[in-house]
Amino acid sequence: MIISQVTVVGKAGDPNYVQQVTCGSHQLKADEPKDRDGGDAGPAPFDYLLAALGSCTSITLRMYADRKGWDLGNVTVTLDYKRAKDTAPSIRRDVSVSAPISEEQRARLADIIERTPVTLAIKQGVQVASNVVVA
(Lines give C-alpha, C1' and ligand atoms only; values in the text may rest on other atoms or scores of the structure.)
Protein backbone atom coordinates (compact mmCIF):
# COMPACT_ATOMS: atom_id res chain seq x y z
CA MET A 1 0.00 0.00 0.00
CA ILE A 2 1.44 3.38 -0.99
CA ILE A 3 1.20 5.82 1.93
CA SER A 4 2.59 8.87 0.16
CA GLN A 5 3.68 9.77 -3.34
CA VAL A 6 5.67 12.87 -4.23
CA THR A 7 7.26 14.10 -7.45
CA VAL A 8 10.23 16.46 -7.40
CA VAL A 9 11.46 18.18 -10.57
CA GLY A 10 14.58 20.30 -10.91
CA LYS A 11 13.71 22.20 -14.08
CA ALA A 12 16.40 23.12 -16.56
CA GLY A 13 16.87 26.86 -16.38
CA ASP A 14 15.58 27.25 -12.81
CA PRO A 15 18.08 29.13 -10.65
CA ASN A 16 20.59 27.18 -8.60
CA TYR A 17 18.92 24.32 -6.73
CA VAL A 18 15.22 25.22 -6.90
CA GLN A 19 13.03 22.12 -6.98
CA GLN A 20 9.34 21.94 -7.87
CA VAL A 21 7.62 19.53 -5.46
CA THR A 22 4.19 18.03 -6.10
CA CYS A 23 2.36 16.25 -3.28
CA GLY A 24 -1.08 15.32 -4.58
CA SER A 25 -2.78 18.64 -5.36
CA HIS A 26 -0.19 20.66 -3.44
CA GLN A 27 2.67 22.53 -5.09
CA LEU A 28 5.74 23.31 -3.01
CA LYS A 29 9.30 24.45 -3.63
CA ALA A 30 12.54 23.24 -2.17
CA ASP A 31 15.92 24.93 -2.35
CA GLU A 32 19.09 25.40 -0.36
CA PRO A 33 19.71 28.52 1.72
CA LYS A 34 21.97 31.21 0.33
CA ASP A 35 24.84 30.17 2.61
CA ARG A 36 24.84 26.80 0.81
CA ASP A 37 24.76 28.37 -2.67
CA GLY A 38 21.00 28.15 -3.08
CA GLY A 39 18.53 30.91 -3.72
CA ASP A 40 16.44 30.28 -0.58
CA ALA A 41 13.32 29.96 -2.77
CA GLY A 42 11.83 27.35 -0.42
CA PRO A 43 12.62 25.14 2.54
CA ALA A 44 15.71 22.94 2.35
CA PRO A 45 15.31 19.14 2.17
CA PHE A 46 16.09 18.65 5.88
CA ASP A 47 13.47 21.29 6.69
CA TYR A 48 10.90 19.10 4.95
CA LEU A 49 12.13 16.06 6.90
CA LEU A 50 11.62 17.94 10.16
CA ALA A 51 8.28 19.30 8.95
CA ALA A 52 7.12 15.75 8.23
CA LEU A 53 8.17 14.56 11.68
CA GLY A 54 6.69 17.58 13.47
CA SER A 55 3.43 17.47 11.53
CA CYS A 56 3.01 13.76 12.13
CA THR A 57 3.71 14.27 15.83
CA SER A 58 1.16 17.08 16.21
CA ILE A 59 -1.51 15.33 14.13
CA THR A 60 -1.10 12.03 15.99
CA LEU A 61 -1.35 13.75 19.37
CA ARG A 62 -4.45 15.66 18.25
CA MET A 63 -6.08 12.43 17.00
CA TYR A 64 -5.31 10.63 20.27
CA ALA A 65 -6.51 13.54 22.42
CA ASP A 66 -9.72 13.86 20.38
CA ARG A 67 -10.49 10.16 20.92
CA LYS A 68 -9.86 10.56 24.66
CA GLY A 69 -11.80 13.84 24.92
CA TRP A 70 -8.69 15.69 26.14
CA ASP A 71 -8.20 19.39 25.47
CA LEU A 72 -4.56 20.00 24.54
CA GLY A 73 -5.01 23.58 23.38
CA ASN A 74 -2.28 24.45 20.88
CA VAL A 75 0.22 21.72 20.11
CA THR A 76 3.63 23.12 19.19
CA VAL A 77 6.49 20.94 17.95
CA THR A 78 9.96 22.46 17.62
CA LEU A 79 12.67 20.39 15.95
CA ASP A 80 16.42 20.62 15.29
CA TYR A 81 18.49 18.36 13.05
CA LYS A 82 22.14 18.23 14.08
CA ARG A 83 25.15 16.51 12.69
CA ALA A 84 28.75 16.78 13.71
CA LYS A 85 31.89 15.37 12.21
CA ASP A 86 32.45 12.47 14.61
CA THR A 87 28.92 11.73 15.86
CA ALA A 88 25.75 10.30 14.41
CA PRO A 89 23.14 12.81 13.22
CA SER A 90 20.39 13.52 15.72
CA ILE A 91 16.99 15.15 15.89
CA ARG A 92 15.76 16.98 18.96
CA ARG A 93 11.99 17.32 19.23
CA ASP A 94 10.30 19.47 21.88
CA VAL A 95 6.52 19.24 22.15
CA SER A 96 4.37 21.63 24.16
CA VAL A 97 0.65 21.92 24.71
CA SER A 98 -1.02 25.12 25.84
CA ALA A 99 -3.83 23.57 27.90
CA PRO A 100 -3.19 22.25 31.40
CA ILE A 101 -2.85 18.46 31.48
CA SER A 102 -2.20 15.95 34.25
CA GLU A 103 1.13 14.20 34.77
CA GLU A 104 -0.56 10.97 33.66
CA GLN A 105 -1.70 12.61 30.41
CA ARG A 106 1.77 14.10 29.86
CA ALA A 107 3.38 10.67 30.31
CA ARG A 108 0.89 9.09 27.91
CA LEU A 109 1.54 11.78 25.26
CA ALA A 110 5.30 11.25 25.67
CA ASP A 111 4.75 7.55 24.95
CA ILE A 112 2.56 8.28 21.90
CA ILE A 113 5.18 10.71 20.53
CA GLU A 114 7.76 7.93 20.34
CA ARG A 115 5.39 5.77 18.27
CA THR A 116 4.08 8.17 15.63
CA PRO A 117 4.33 6.73 12.10
CA VAL A 118 7.07 9.10 10.86
CA THR A 119 9.02 8.68 14.12
CA LEU A 120 9.00 4.91 13.65
CA ALA A 121 10.00 5.20 9.98
CA ILE A 122 12.99 7.34 10.90
CA LYS A 123 14.05 5.24 13.91
CA GLN A 124 13.63 1.90 12.15
CA GLY A 125 15.19 3.10 8.93
CA VAL A 126 13.56 2.93 5.53
CA GLN A 127 14.95 1.00 2.61
CA VAL A 128 15.45 3.19 -0.44
CA ALA A 129 15.53 1.59 -3.88
CA SER A 130 16.77 3.91 -6.63
CA ASN A 131 16.66 3.75 -10.41
CA VAL A 132 18.05 6.18 -12.99
CA VAL A 133 16.35 6.41 -16.39
CA VAL A 134 16.63 8.71 -19.38
CA ALA A 135 13.25 10.27 -20.11
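Residues are numbered from 1 along each chain as its sequence is written, and side-chain values use heavy atoms, without hydrogens and water. Because the model is predicted, local features need pLDDT of at least 70 and side-chain atom pairs count only at pLDDT 80 or more, while totals for chains, interfaces and linings use all residues.

Biologist: What radius of gyration does the protein chain have?

Modeller: The radius is taken over C-alpha atoms, and the globule rule is 2.2 Å times the number of residues to the power 0.38. For 135 residues, a compact globule would come near 14 Å. The C-alpha atoms fill a box of roughly 55 × 35 × 25 Å along the principal axes. The radius of gyration of the protein chain is 18 Å.

Biologist: How many bridges join strand 2 to strand 3?

Modeller: Two strands pair if DSSP finds at least two bridges between them. Strand 2 (residues 19–23) and strand 3 (residues 26–30) run antiparallel. Gln 19 has Ala 30 as its bridge partner, and Cys 23 has His 26. The number of bridges joining the two strands is five.

Biologist: Which residue in the hairpin of strand 2 and strand 3 takes a positive phi?

Modeller: The hairpin has two residues between the strands. The phi in question is near 60°, and the residue is Gly 24.

Biologist: Which residue in strand 2 stands opposite Val 9?

Modeller: Strand 1 (residues 6–9) runs antiparallel to strand 2, and four bridges join them. Opposite Val 9 stands Gln 20.

Biologist: Is Leu 61 buried or exposed?

Modeller: Leu 61 lies in helix 1 (residues 45–68). Buried means under 20% relative accessible area, exposed over 50%, and partly exposed in between (1.4 Å probe, protein chains only). Because its relative accessibility is 0%, Leu 61 counts as buried.

Biologist: How far apart in space are Leu 61 and Ile 113?

Modeller: Contact means heavy atoms within 4.5 Å. Not counting residues up to four places away in sequence, Leu 61 touches Leu 72, Val 75, Val 95, Leu 109, Ile 112 and Ile 113. Leu 61 and Ile 113 are 52 residues apart in sequence. C-alpha to C-alpha, their distance is 7.3 Å.
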